[in-house]
Amino acid sequence: MTRTVLVTGPGGAGRTTVAAATALAAARRQRGTLFLTLESGAPEALLGMPLSGGPVEPAPGLTAARADTAEHFRREFLAFQDRAAAALDLLGATPLDEDELTEPPGAEILALLHTLRAAHETGGWDLIVVDLPPADRAVRLLALPEQARRGLRRLLPAERQAARALRPVLAQLAGVPMPAQKVYETAARWEQELAAVQEVIEAPGTTVRLVAEPGPTGAADLRAARAGLALFGHRLDAVVANRLLPVGSADPFLAGLSGRQQVALKALREDFAGVPVHEVPHLGRDPQGPEELAGLLDGTPDGSADAGESAAVDTAGAVEDRLAEDGLLIWRLPLPGATREALGLVRRGDELIVTVGPFRRIRTLPSVLRRCTVSGAGLRDGALHVRFTPDPDLWPRER
């Protein structure tokens, strides 16, 4: 099975360098590896060759590619414009030509997800390493397929398609054409592609690796990223402490910086107890080319096996039956890194809206909890415990 390692971290922590080094280390261990990125400039300097002309092979066993945002946007937009031609004609809209199209902000996210899905469909890789954007954007990127699918189902529910035979009659009564079947076909196509991307992201073989430069300013960002990833059920396999200065330098300035790094590194290990923390030394400059990149991760795993939380996180959340003892059902949602001050909880029908800092996820309640009312919640041992009390009007009565 193809393993996927998604690499992210606070901005400026060196995530692209660590992602490229991870991919190269795997390739040197004779594993067929694909390195995907959105960035330009830095990955090319690290790998020693341009990525603008399609996939390249900077080292034996390693293929590198940059997601082509512009090409993906033009292709998708022109295909949609062609399918929606009838509706555009009805509105009097003039179709756009290919040379008029410029990708909007956020298009790179869709391009990267599409490239990742296509790589899994093509197959042939032992490991795919993805250089994600900074952590706050990466969490939203990984949440996009689930959120977009939910939006499509709300706007164009499948049951409406059953009424398509009535559209000619309804069009005569209303005096205007009804939505074309192509609208539903387009929505179904988008839903199918999003589902395929979500399957890759949520697969047991997909994990996230956080990169951080130990220091007091990045600790809060790292905890927020961890909580956001946990909110959407992503498994964390390791933390990479990057750009560590040597200990015991004779230079007082460097010795002071190194000492502060070691204090922050100790706090990092305590915060991420149970998760492997790998140390990467500071080279004094950015590595240039595969030869300098190769030794960066000596002695650290390359993503060939699950580690840390990757095997332990319960991404769906378990329901604990405590009816006999306390008359309660407890829904335990793992949220390591979350703080009480950043948590929000709202019950809406059969859904629970959970907010962790800037991130929000809508969870559908398990069937047994839909007949209950929320009676409280608490954050304990890295998990949100939501207490439910059976609703006497909905709960089956004992005979």
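Select R117 and E121 to begin: the two residues are 4 apart in helix 5 (residues 107-122), and are therefore separated by about one helical turn. An α-helix has 3.6 residues a turn, so residues three or four places apart point the same way. Helices here are DSSP runs of H or I of at least four residues, strands are runs of E of at least two, and both are numbered from the N terminus. The model is predicted, so that local features need pLDDT of at least 70 and side-chain atom pairs count only at pLDDT 80 or more, while totals for chains, interfaces and linings use all residues. Residues are numbered from 1 along each chain as its sequence is written, and side-chain values use heavy atoms, with hydrogens and water left out.

**The R117 and E121 pair**

With both side chains shown, R117 and E121 form a salt bridge whose closest N and O atoms are 2.7 Å apart; the term means a side-chain nitrogen of Lys or Arg within 4 Å of a carboxyl oxygen of Asp or Glu. R117 is buried, with a relative accessible area of 11%, whereas E121, at 56%, counts as exposed. Buried stands for under 20% relative accessible area, exposed for over 50%, and partly exposed for what lies in between, computed with a 1.4 Å probe on protein chains only.

**Helix 1 and its two partners**

Next select helix 1 (residues 15-28), where 13 of the 14 residues are buried. The end C-alpha atoms of helix 1 are 20 Å apart, which agrees with the 20 Å that its 14 residues should span at 1.5 Å a residue; the expected span is 1.5 Å times one less than the number of residues.

Now move to R28 and bring in E291, with which R28 forms a salt bridge with the closest N and O atoms 3.4 Å apart. R28 lies in helix 1 and E291 in helix 11 (residues 289-294), so the pair ties together parts that are 263 residues apart in sequence. R28 is partly exposed, with a relative accessible area of 49%, and E291 is exposed, with 63%. Just after helix 1, Q30 takes a positive phi of about 65 degrees.

Select residues 252-271, which are helix 10; its 20 residues should span 28 Å at 1.5 Å a residue, and its end C-alpha atoms are 29 Å apart, which agrees. Colour S258, Q261, A264, L265 and L268, which are buried. Seen down the axis of helix 10, its buried residues fall within an arc of 130 degrees, so they line one face of the helix; the arc is that of the directions from the helix axis to the C-beta atoms. On the other side, P252, R260, V263, K266 and E270 are exposed.

Showing the surroundings, you will find that the buried residues of helix 10 pack against helix 9 (216-231), strand 7 (236-244) and strand 8 (277-281), where contact means heavy atoms within 4.5 Å. At the start of helix 10, a side-chain oxygen of D251 reaches to within 2.8 Å of the backbone nitrogen of F253.

Go on to D391, in the segment after strand 15 (383-390). D391 is buried yet has no salt bridge, and the nearest side chain of opposite charge, R347, is 7.5 Å away; Lys and Arg count as positive and Asp and Glu as negative, while His and the chain ends are not counted. A polar atom of the D391 side chain lies 3.0 Å from the backbone nitrogen of D393. Leaving aside residues up to four places away in sequence, D391 touches R371, C372 and T373.

**W331 and the whole chain**

Select W331 in strand 10 (residues 328-334), which counts as buried at 1% relative accessibility. Its C-alpha atom is separated by 4.5 Å from that of V319, 12 residues apart along the chain.

Terms used. Polar contact = N/O pair within 3.5 Å; in protein donor to acceptor, adjacent residues only side chain to side chain.
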